[in-house]
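User: Please go through this structure with me. I will ask what stands behind each label.

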Amino acid sequence: MQFQGRSKRKRTGGRLSSFRKKRKSELGRLPSNTNIGETRKQVFNSRSKAKKIRALSTDKVTVSDGKKSITATIENVVSNAANLNYVRRNVITKGAIIDTSEGRARVTSRPGQTGQVNAILVGKDEV
């Protein structure tokens with residue numbers, strides 16, 4: 001598990017004394033690294049009674065061209081500004097350019113947070 005609470009060290013490198021134990025609200029998780037494949041999702045609790053759905057893998061995308069939305073299939077990842085290795089591994093994140101059955105599209109949703117992939121069609125010059 002990841003921890004996203006206060007550090008045990010000061011900026012100068014000195015030690016900070018702890019004033020409490022770790023809290024569940026300070027818990028972090030590893031990135032989901034949503035891949036292309038058969039749809040798999042993971043549901044977990046977030047703050048209050050809300051649930052978060054994490055897409056582990058998916059092969060469907062809702063593509064919009066500004067007038068209508070179509071459900072298309074994802075073929076592969078063309079480019080990903082978040083990390084160049086994500087292209088090789090076919091990891092989908094927000095801002096990634098993907099090949100779909102409808103054409104190239106830019107991902108506008110966060111699949112690791114919302115559990116779904118939404119995208120808008122882009123021209124060849126925008127890639």
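Analyst: The largest pocket has a volume of about 690 Å³. Among its 26 lining residues, R29, F44, K52, R54 and Q113 are the closest to the centre. This is a predicted model, in which local features need pLDDT of at least 70, side-chain atom pairs count only at pLDDT 80 or more, and totals for chains, interfaces and linings use all residues. Residues are numbered from 1 along each chain as its sequence is written, and side-chain values use heavy atoms, with hydrogens and water left out.

User: What makes a residue part of the lining of a pocket?

Analyst: A lining residue has an atom within 4 Å of a point of the pocket, which is an open set on a 1 Å grid over the protein atoms alone, where a 1.4 Å probe fits, with protein on both sides within 12 Å along at least five of seven lines.

User: How do you know that the side chain of N80 makes a polar contact with the side chain of T93?

Analyst: The distance is 3.1 Å. The definition asks for a pair of N or O atoms within 3.5 Å; within protein, one must be able to donate a hydrogen and the other to accept it, and residues adjacent in sequence count only if both atoms are side-chain atoms. A polar atom of the N80 side chain also lies 3.2 Å from the backbone oxygen of V91.

Terms used:
Grid points are joined across faces, edges and corners, and a volume is the space filled by probe spheres set on the points.
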